[in-house]
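Good morning, and thank you for coming. Please look first at the sequence and the structure on the screen, and then I shall take you through them.

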Amino acid sequence: MSRAEANARRSDLGQRGSVSAEAALVVPVLVLIILGGVHFGKVLMLRHQLAAATDVATRTAALAQTPDATVVQNMIQTELGSSAGFCSTLAVSTNQERTLGVDRVEVSTTCTVDRDRFTTKLTGFLGPDQLTVRVAMPM
C-alpha cells in the first residue's frame, strides 16, 4: 500500500459518522418545518371556510332583510358543518346602517380556535388564537 492510499484511507475513517451527525441535526428541524406548514394550511383552510360561511349568511340576511345575530350565527354554524368544532366559541355581531342612501348589513364573525382539537403538541404555539371575518352586503 502506498503512502497516498494510506492517507486517503485515514481521511475516510475520520469522516465516518459525519452523515449521521448531520442528519441528527437537520431531521428535527425539517420535521418541525413540515408540521408547521401543515398547521398553517389548516389555519388558512379554517379561515377560508369561516369567510365563505359568513358570506353566505350575510347574503341570506341581506336578502331577507333580517340581520338578526342569532339567525346569522345559526346559518354560519350550519355552513361550517364539521369545521365548526374547531371553534371553541363563535361570536357573531350584525350591524345595519344606511350609508349614502343605501341600507347595508355588516356581519362580523370571530372564531376562537380550539387548540385542543385543532393542533398537535408540536405546533400548538403556532398560529392565531382567533380568526375574524367581516362581510358587508347592501340590502
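Predicted model: local features only at pLDDT ≥ 70, side-chain atom pairs only at ≥ 80, totals over all residues.

Residues are numbered from 1 along each chain as its sequence is written, and side-chain values use heavy atoms, with hydrogens and water left out.

The secondary structure of the chain comes to four helices and three strands. Here helices (H or I, at least four residues) and strands (E, at least two) are DSSP runs, numbered from the N terminus. Read from that terminus, the order of elements is α-α-α-β-β-α-β. Of the 139 residues in the chain, 25% are buried. By buried I mean under 20% relative accessible area; exposed means over 50%, and partly exposed lies in between, using a 1.4 Å probe and protein chains only.

Let us now consider helix α2. How far apart are the end C-alpha atoms of α2? They are 69 Å apart, which agrees with the 69 Å that its 47 residues should span at 1.5 Å a residue. The expected span is 1.5 Å times one less than the number of residues.

The helix also has a kink of about 25° at Val 26, shortly before the proline Pro 28. That bend is the angle between axes fitted to the seven residues ending at a position and the seven starting there.

Val 26 also belongs to a nonpolar surface patch, together with Leu 25, Leu 30, Ile 34 and Val 38, and the accessible area of the patch is about 500 Å². Patches are made of residues with over 30% relative accessible area and no salt bridge; like charges are joined within 9 Å, and nonpolar side chains (Val, Leu, Ile, Met, Phe, Trp, Tyr) within 5 Å. The areas come from the Shrake-Rupley method with a 1.4 Å probe, and for residues only the protein chains shown count as cover. Leu 25, which lies in α2, counts as exposed because its relative accessibility is 65%. Other residues of α2 are buried, among them Gly 36, His 39, Val 43, Leu 46 and Leu 50.

Next, the loops. Gln 65 sits in the loop between α2 (18–64) and α3 (69–80). Although Gln 65 is not a glycine, its phi is positive, at about 55°. With 53% relative accessibility, Gln 65 counts as exposed. Leu 100, in the loop between β1 (87–99) and β2 (102–113), likewise has a positive phi of about 55° without being a glycine. Leu 100 is exposed, at 84% relative accessibility.

How many disulfides does a search of the whole structure find? It finds one, a disulfide being a pair of cysteine sulfur atoms within 2.5 Å. The bond joins Cys 87 to Cys 111, with 2.0 Å from S to S. This pair links distant parts of the chain, since Cys 87 is in strand β1 and Cys 111 in strand β2, 24 residues apart. The link is left-handed, with -105° about the S-S bond. Are these cysteines buried or exposed? Cys 87 is buried at 10% relative accessibility, and Cys 111 is buried at 0%.

Finally, the salt bridges. Side chains of opposite charge can pair when their charged atoms come close. A salt bridge is here a side-chain nitrogen of Lys or Arg within 4 Å of a carboxyl oxygen of Asp or Glu. The search of the whole structure finds four of them.

One joins Arg 59 and Asp 55, at 3.1 Å from N to O. These two residues are four residues apart in helix α2, and therefore about one helical turn separates them. Arg 59 is partly exposed at 39%, as is Asp 55 at 24%. Asp 55 and Arg 134 are 79 residues apart along the chain, yet their C-alpha atoms are separated by 8.7 Å.

Another salt bridge joins Asp 103 and Arg 98, at 2.9 Å from N to O. Asp 103 is partly exposed, at 31%, whereas Arg 98 is exposed, at 58%.

Glu 106 and Arg 104 also meet in a salt bridge, at 3.1 Å from N to O. Together with Glu 97, they are linked in a network of salt bridges. Arg 104 is found in strand β2, and its C-alpha atom is 9.4 Å from that of Gln 65, 39 residues away in sequence.

Thank you for your attention.
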